[in-house]
Amino acid sequence: MTNILQLRNYNRGATAYRLYDVGKSCREGAGRALRARNDTEAKALALMLLGDHPIELWDRTRFIARYWPSNLPMAVSIKAHH
């Protein structure tokens, strides 16, 4: 995943988000660069790229969202507290 996707052609004000495939070991590979003006636009782009595997959207080290395809169940994690 190395291509850059832009919703519109912006010269200024766009942030470089990254979209990662999520596998058994969490984020896998270098990810795909997304150019968007804000989180809302980046989320819309991520949904357009959602395929048959989970993906995560990041802004550098800031987690934005995780998306699951409709054909996969969402994983649920329960941590026991003693």
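1. Let's start with the salt bridge between Asp 59 and Arg 60, whose side chains meet at 3.6 Å, N to O. Please keep in mind that this is a predicted model.

2. Asp 39, Asp 59, Arg 60 and Arg 62 are linked in a network of salt bridges. Across the whole structure, a search finds 5 salt bridges.

3. Asp 59 is found in strand β4, and it stands opposite Arg 62 in β5. Leaving aside residues up to four places away in sequence, Asp 59 touches Thr 15, Ala 16, Tyr 17 and Ile 64.

4. Now for the hairpin itself. Strands β4 and β5 run antiparallel and are joined by 5 bridges. The hairpin they form has 2 residues between the strands, and Arg 60 in the turn has a positive phi of about 55°.

5. How many of the residues of β4 are buried? The count is 5 of the 5, so the strand is largely enclosed by the rest of the structure. Both of its faces are covered: Ile 55, Leu 57 and Asp 59 are buried on one side, and Glu 56 and Trp 58 on the other.

6. The side chains of Arg 66 and Glu 56 meet at 2.0 Å, N to O. Arg 66 lies in strand β5 and Glu 56 in strand β4, so the pair ties together parts that are 10 residues apart in sequence. Glu 56 counts as buried at 4% relative accessibility, whereas Arg 66 is partly exposed at 33%.

7. Not counting residues up to four places away in sequence, Ile 55 touches Leu 19, Tyr 20, Asp 21, Val 22, Ala 46, Leu 50, Ala 65, Arg 66 and Tyr 67.

8. Ile 55 also leads us to the largest nonpolar core, which has 12 residues in all: Tyr 17, Leu 19, Leu 34, Ala 36, Ala 42, Leu 45, Ala 46, Ile 55, Leu 57, Ile 64, Ala 65 and Tyr 67. The elements giving two or more residues to this core are β2 (15-23), β3 (26-36), α1, β4 (55-59) and β5 (62-67).

9. On to helix α1, residues 39-49, where the buried residues are Glu 41, Ala 42, Leu 45 and Ala 46. These cover an arc of only 140° around the axis, which puts them on the same side of α1. Among them, Ala 42, Leu 45 and Ala 46 are members of the core described above.

10. What caps the N-terminal end of α1? The cap is Asn 38, with a side-chain oxygen 3.2 Å from the backbone nitrogen of Thr 40.

11. Glu 41 is buried, with a relative accessible area of 7%, and it forms a salt bridge with Arg 37, the closest N and O atoms being 3.7 Å apart. Arg 37 is partly exposed, with a relative accessible area of 44%.

Notes
Residues are numbered from 1 along each chain as its sequence is written. This is a predicted model: local features need pLDDT of at least 70, side-chain atom pairs count only at pLDDT 80 or more; totals for chains, interfaces and linings use all residues. Side-chain values use heavy atoms; hydrogens and water are left out. Buried means under 20% relative accessible area, exposed over 50%, partly exposed in between (1.4 Å probe, protein chains only). Helices (H or I, at least four residues) and strands (E, at least two) are DSSP runs, numbered from the N terminus. The arc is that of the directions from the helix axis to the C-beta atoms. A polar contact is a pair of N or O atoms within 3.5 Å; within protein, one must be able to donate a hydrogen and the other to accept it, and residues adjacent in sequence count only if both atoms are side-chain atoms. A nonpolar core is a set of buried Ala, Val, Leu, Ile, Met, Phe, Trp, Tyr and Cys residues joined through side-chain atoms within 4.5 Å. Contact means heavy atoms within 4.5 Å. Two strands pair if DSSP finds at least two bridges between them. A salt bridge is a side-chain nitrogen of Lys or Arg within 4 Å of a carboxyl oxygen of Asp or Glu.
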